[in-house]
Amino acid sequence: MCGIVAYIGTQEAYPIIIKGLQRLEYRGYDSAGVALMNGTLNVYKRKGKVQDLLDFADDKSTKGNVGIGHTRWATHGKPDDLNAHPHVSSNGRLTLVHNGIIENYEPLKKALQKDGYTFSSETDTEVLINLIQSIQDHDDLSLEEAVRIALTKVNGAYAIVVLDKNDPNKLVAARKASPLVLGIGEDELFFASDATPIIEYTKKVVYLNDLEIAVANRNGEFEIRTIDNSLTTPYVQELEMEIERIEKGGYDYFMLKEIHEQPKTICDAMRGRMNASEGWIRLGGLEEHSNRLVNADRIIIAACGTSWHSGLIAEYLFEELARMPVEVEYASELRYRNPVITEKDVVIAVSQSGETADTLAAIELADEKGALIYGIVNVVGSSIARASDAGSYIHAGPEIGVASTKAFTGQVTVLTLMALNLAFKRGKISKTYYHQLLTEMEAIPGKIEKILKSNSKIEYIAGEIKDSTNALYLGRGYNFPVALEGALKLKEISYIHAEGYPAAEMKHGPIALIDENMPVVVIATNQSAYEKIVSNVQEVKARNGKVIAVVTEGEKIISQMADYTIEIPETLEPLTPLLSVIPMQLLSYHIALMRGCNVDQPRNLAKSVTVE
Ligand code: G6P
C-alpha cells in the first residue's frame, strides 16, 4: 500500500505532487520521495511523513514541470531513505515509483546481478526499474516499449510511473491489481493512486484497467495500450466527488472502506505464500525456523483486543489441524504473571500496529526465557516486528478505522496458513483435507464479496436493534471467538454493552438477562455442533429473546426460529470465522452510525496503544 502522484505539463510539478502525496498518506506514511526534471534530474527521498520530505527539500531546487512522487507503506525493506521511492536505475537514467509487490523479484534480481546491475535498496521496485533499463539498453527501445516488455516478465501487483531523464517530455504508467488514475487537464496530465490529488485541477479522469500502459506527453496528449500492445479507446469519466469523500475511497467512513477491502486484503495476505493446485504453503519467516516450530512443546499466543480474538481462533486451528498444544494469553496478563516459558516454546505475538506496549513487553519477557518469538504484524518495521525472531506480515495496508476489521481477517488468514503448514510438516493432516482447505482458502475472498452484498439487509436489522442497551453474542467452536469479536465491535463503536459467550455457557449466567429487549446474535454456521446450537437458540426463544442468526446458505431450522437471519456461503469449518465475522462488522457499523457515533474514532480508544 503506497501512494503515487505524477505530473507533466506547464505548472510547477513539486507543489502539486506534495499536496497530492499528503492526500494519499492514508495509504502509507513511512517514507516519501519525489523525482523532478528541470534539465537535470533531482531525486529527494526521506524516511517519515510527506512533511519530513518537505522540510528536507526546503533549501533545494524543486523546479520542473514534470515529476513523480511516492508515499510509502513498506513491504520489501524497512522504511528508510534508501528504500524510499522513487528508485533510479543503475545508469541513473530511469526513475520509478511503484505501488504493489513484484513477487518474482528475487530470480529477476539474481539475473540482473549476474549482468552487472547493482542495487542500493532492499526493494522489489529497484529490481523492476533495472529490468526496464536492461531491456531498454539491450534493444535500444522506447521507454514505453521497454516498460511493456518488462511487465510481461513480472508477477505480482503494480501501479507504476516511470520517468526517463533522456526523454523528459513523457511519463509512462501502468497498472495491475493496484489502482492508478489518469487526470486530463488543459495541456497537462496527472497520475495518482486515487483521484484526490487530481480533483482540484481537473474532473476528467481515466481509471486505468489492469494490464494497461499509458503514455502521457508534455503537450497534454496521451495514449493507452494493453500489455499486448493494442491501442485502447479510453473511457474518460467526469468526477462528481467531494475531496473529503474520495480520501476514503468513496466510502463515508474508513471502517466501511476497510470492511469492503477484505476480499482484496485477504488475497494480499495469501499472495505468493500458497498455491492450492500445487499444494504448497511458504511463509518466509516460518521456513527459517521450521524445525523449532515443528518440534515446539507448545505455542503461546500473546495479543490484545481484536488481535487476541484472532489468537483464539488460531488455538482451535493449531490444535485441530497441527495437533499442537496452544495457550492464548492477554499480553497484559502474561507479562506480569511470571509465566512458565521455556526455550522449547514458541510465542506468537499478534498485533495490527506492532506497537502495543503490553504485547511488546510480553515478547521481551518470553525472549529472556529463551522462547522463539514469531510476529504476526501489519505495520512493517514496527517495534513488535523488529523484536521478533521471525514473522509474517499480514499485508492488510494501513488500517485507519480504530475498530479493527481487515487486520483481523488478515491475521486469521496468516495464522490459518501457518497452522496448515505446520500440520503438513508434522504429518497430522491428510493430503486430501490439506488440499481441500487450500482450495477453499482461495475461494474465501469471493465468498466475502457475496456476504458484502447483504449490506442492506444487515442495515435493516441494525435499525431494528439499534436502541438496545445490551446485546449478547453466542457461538460455538470456531465461532466462539467470532462472538467475542462481534461483541467487541459493537461495544467499541456504538457504546452498547455487549458480551460474547460460548453458546453452551449461556445457561450458566447470561440466560438470566434474556427478555424481549435483549438482542441475541447467534453465529450458527457450525457443522459439528449444529444440533447443540439449535437447542441454544430454542433456549433463547423460550425466554422471548430477539434472535439474529448467522447461518449457512440454505439452512432451514434456525432460520425459522430466528427473528432475523443473515446467510453466509458454506465453507470448511476451520475457515468459517473469515466469513462469519463480516456480518458482525457490518452490524456494529450500521448500529453505531444510526446512534450518531463517530465510527472511525470512537471515544476513549486509540488505534495504537503504546501505554500499558
Ligand atoms: C487497540 C485497538 C484495537 C486493537 C488492539 C490491539 O485497542 O483499538 O483495534 O485490536 O489495540 O492492537 P494491536 O495493534 O496490537 O493489534
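At what angle do helix 8 and helix 16 pack, and how many Å apart are their axes? In this predicted model, local features need pLDDT of at least 70 and side-chain atom pairs count only at pLDDT 80 or more, while totals for chains, interfaces and linings use all residues. Residues are numbered from 1 along each chain as its sequence is written, and side-chain values use heavy atoms, leaving out hydrogens and water.

Helix 8 (residues 262-270) packs against helix 16 (residues 431-452) at about 170°, with the axes 8 Å apart. Helices here are DSSP runs of H or I with at least four residues, strands are E runs of at least two, and both are numbered from the N terminus. Axes are lines fitted to C-alpha atoms, for helices over the stretch in contact, and angles run from 0 to 180 degrees between N-to-C directions. The packing angle therefore makes helix 8 roughly antiparallel to helix 16, a label for angles over 145 degrees. In this contact (heavy atoms within 4.5 Å), helix 8 supplies Q262, P263, I266, C267 and M270, and helix 16 supplies M441, E442, I444, P445, I448, E449 and L452.

At V402, a polar backbone atom is 3.2 Å from a ligand oxygen atom. The protein buries 91% of the 390 Å² that the ligand exposes when taken alone, with accessible areas from the Shrake-Rupley method and a 1.4 Å probe.

The peptide bond from H85 to P86 is cis, with omega near 0°, and P86 sits in the loop between strand 4 (66-72) and strand 5 (87-88). H395, which is not a glycine, has a positive phi of about 55°.

Technical notes. Angles under 35 degrees count as roughly parallel, over 145 as roughly antiparallel, 65 to 115 as roughly perpendicular and the rest as oblique. A polar contact is a pair of N or O atoms within 3.5 Å; within protein, one must be able to donate a hydrogen and the other to accept it, and residues adjacent in sequence count only if both atoms are side-chain atoms.
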